[in-house]
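Please look over the sequence and the structure shown below before reading on.

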Amino acid sequence: MRRQIARRMRHLSCVLAVALGAAFLAPTGASAQAAADPYEVLVFSKTAGFRHDSIPVGIQTIQDLGADNEFTVTATEDSGVFTTDNLADYEAVVFLSTTGDVLNDAQQSALKSYVDGGGGYVGVHAAADTEYGWPEYEGLVGAWFKSHPAIQQATIENEDRTHPATSHLAPTWSRTDEWYNYRTNPRESVHVLQSLDESTYSGGEMGDDHPITWCDEQAAGRSFYTGLGHTQESYADPAFRQVLLGGIQYAAGAVDADCSSGGEDPGDPDPQPETVEGEAYTSGSGVERANHGSASGGQTLGHIENGDWAGYSQVDTAGATTFTADVSSAGAGGTVEIRSGSATGTLLGSVGIAPTGSWDTFTEVSTTLTAAGTGALFLRFTGGAGALFDIDSFSLSGAAEDPKAASSSNVHLFYYPWYGNPEVNGSWRHWQQGGQNPPEDVGADLYPKLGAYDSGDFTGAVEQHMKWIKQSGANVLVYSWWGQGSYEDGLVDGVMDAAQRHGIKVAWHLEPYSGRTGASTVDDINYINDQYGDHPAYFRDAERNNSNAFYVFQSLDVPDWSALDQVTENNIVLAQTTDTSKIAHFNGIYTYDGIAGATAPGWKNAGDYAAANDLVWAPSVAPGYIDDRAVPGNTTPTLGRDNGAAYDKQWNNALDPAIGGSPTWVSVTSFNEWHEGSSIEPASSNPPAGHGYQTFSGAYGKTGADAETAYLDRTQYWVNQFEAARAAKLR
């Protein structure tokens, strides 16, 4: 590092000299400041995945910028240059549309040490599609790539026009490029310079907040990233060249800029884990609260014997890496098992407790958690006979480092806009199914958190639905549509407007209205495209010619689907079946059935067939299926939720290639089909009495009001799992 330190001292001397003469020289712009002290920049463009044809012109552009702005450029695709000694020769390293795994462990360590020690990193476009197996790289680049739509024009909002990379721009900038969606929103950990207005193009998946260019302070170093720069034409654009130049100059330390993050001060110490009183358990077996004056809060979790347990619905184990507790024991001592989801759930770790000699003599015990938690915390206790020990208080550290939540356009929720009440619609719709008498008495075994709402209440119920859908991590709702001019058709615009406000996209569930044929379905698809295709919330799959998706319910009821050949080139039309002999003329397959996912009959065969024939495979998963109140006396099978185990079973089946056949998408039955009891929309934890309603209490270890969003949160967990599996498959 001696050479690097010496260069920085020379740079400071030159800057001081320039400052003393500024009144006479009056240099303007960042490049004038940088010109005072020549420096060196390394451009690295190795690819282990997709290779951009703009790389050569990008290298030439940076070399030209260097020649005009007093820095020397070395271009390489040799990852062997990433050593501590070699990197010390450079003020900044540019990752120019790198892809895949391009550095080994030693090279990764050298780059991280270089930046932390004062070096600069610049990432351009596909630099975000790099080093997925190195967690620290995400912190360096800011966010990893997820997907992109087709190249098209979009509007950029220039949020910070003081940074040297963006100071030349107007408040908005319209340009054509390939617009990346990222797996996470980096705003909380970086300083955002530019963001995308998703309403100005198709295929955006991040909603109202879509950063595209940002900078960050990295220990003693600096980081800059822009998602721009896919096309060769970009590098001939003077405005983009200045973005690139300003980013390099900032990263090299040649110009100053405020790049403090939007989240916590990176210099602050890590947040301290929250301490939980042992006696604050929300469920348990055998345990009791015990009074101890010397304990925190004056009580402990006590009377613990072998086999007892305590649950804490308020404590999430996601991201937790260490368990620490203050304990005492005048008894036999024993072991604390730290579990997730239930008293018999996943064992995250365990810690032994030795006798302390007195119930008022406390000591600290700690253990590393070796498994990943996915639900509420449960402590289970084992040991010899009689009283074992007391727990005063405890904490989970690392819980603040939860895996970042993904938002996926590959997970689709079936959405039902057919509900109505007299306050909005003038009469009841659907809630009275099964001969029930709403609003307190509805045709469902669960009662909505929002009550007997109206699907036309766009600023109330529908607005809340979009917030909940966003919380689930699913980015697409599949709209139940009953034909041209139907009640549901009349609500489309209002629902799509609400969806757009939250970055949700809309696909279509074509329902079996009377008289439906293959030809009428073609007319319906054309009608929907013509009527709603220009709406910014209209779903388009960037990987499939920007086509929308049409799920055809009960497709087996129509014997001849040959008319679909007129529309399947530019639309994705899915049949509801796993019988691959019944899907001629379709682009894909889904299942819908909320019970079948528990055993996944035919899923592997359907998935393999779809993969072999370039079809979409979108198996459906559901948290359960109970329709006793909607269909009184129904003798068809039902499926209980089993506190979330049924949902997990179906998701596991879908994502296991040996069972689920590697899905393209996963469709969820449903967001809000209340009559079938398959909803993940929050159900009231305190429903009207006297009707025998179930609740979500107990799901994933949550109780009462905490359980109302249990299935939304669990969907987010599975979205993360699905996206991680897809990313691993693509690498």
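## A strand residue and its contacts

Leaving aside neighbours within four places in sequence, T275 is in contact with S393, F394 and S395, where contact means heavy atoms within 4.5 Å. T275 is found in strand 12, which covers residues 275-277; strands (E, at least two residues) and helices (H or I, at least four residues) are DSSP runs, numbered from the N terminus. T275 and A325 are 50 residues apart in sequence, and their C-alpha atoms are 9.1 Å apart in space.

## How the model is to be read

This is a predicted model, in which local features need pLDDT of at least 70 and side-chain atom pairs count only at pLDDT 80 or more, while totals for chains, interfaces and linings use all residues. Residues are numbered from 1 along each chain as its sequence is written, and side-chain values use heavy atoms, with hydrogens and water left out.

## The nonpolar cores

A nonpolar core is a set of buried Ala, Val, Leu, Ile, Met, Phe, Trp, Tyr and Cys residues joined through side-chain atoms within 4.5 Å. Buried means under 20% relative accessible area, exposed means over 50%, and partly exposed lies in between, as found with a 1.4 Å probe and protein chains only. In soluble globular proteins, nonpolar side chains tend to be buried together.

The largest nonpolar core has 92 residues, of which Y415, M466, Y479, W508, Y551, W651 and W665 touch the most other members. A second, separate core consists of 72 residues, including L140, L196, F224 and A251. To return to Y551, and not counting residues up to four places away in sequence, this tyrosine touches H412, F414, V478, W508, H509, L510, L574, Y590, A618, W665 and S667.

## Helix 4 against helix 8

Helix 4 (residues 55-69) and helix 8 (residues 238-252) pack at an angle of about 65°, with their axes 11 Å apart; axes are lines fitted to C-alpha atoms, for helices over the stretch in contact, and angles run from 0 to 180 degrees between N-to-C directions. Helix 4 and helix 8 are therefore roughly perpendicular to each other, since angles from 65 to 115 degrees count as roughly perpendicular, those under 35 as roughly parallel, those over 145 as roughly antiparallel and the rest as oblique.

On the side of helix 4 the contact is made by T61, I62, D64, L65 and N69, and on the side of helix 8 by R241, L244, L245, I248 and Q249. The residues of this contact between helix 4 and helix 8 divide into five nonpolar, three polar and two charged; here Ala, Val, Leu, Ile, Met, Phe, Trp, Tyr, Cys and Pro count as nonpolar, Asp, Glu, Lys and Arg as charged, and the others, Gly among them, as polar. P56 also has its place in helix 4, and at 55% relative accessibility P56 counts as exposed.

## Helix 9 against helix 10

The axes of helix 9 and helix 10 (residues 492-501) come within 9 Å and cross at roughly 50°, and the two helices are therefore oblique to each other. Helix 9 passes helix 10 in a right-handed crossing. F458, V462, E463 and M466 of helix 9 make the contact with G494, V495, A498, A499 and R501 of helix 10, and these residues divide into six nonpolar, one polar and two charged.

## Backbone details in the loops

Where are the cis peptide bonds from P438 to P439 and between T669 and S670? P439 lies in the loop between strand 23 (408-415) and helix 9 (458-472), and the bond from P438 to P439 has omega near 20°. S670 lies in the loop between strand 31 (666-668) and helix 15 (710-730), and the bond joining T669 and S670 has an omega of about 10°.

Q554 has a positive phi of about 55° although it is not a glycine. Q554 is found in the loop between strand 26 (548-552) and strand 27 (571-576) and, at 32% relative accessibility, counts as partly exposed. D642 likewise is not a glycine and has a positive phi of about 55°; D642 is found in the loop between strand 30 (620-621) and helix 13 (645-655), and D642 is exposed, with a relative accessible area of 58%.

Key
Left-handed = near helix turned anticlockwise from the far one by under 90°.
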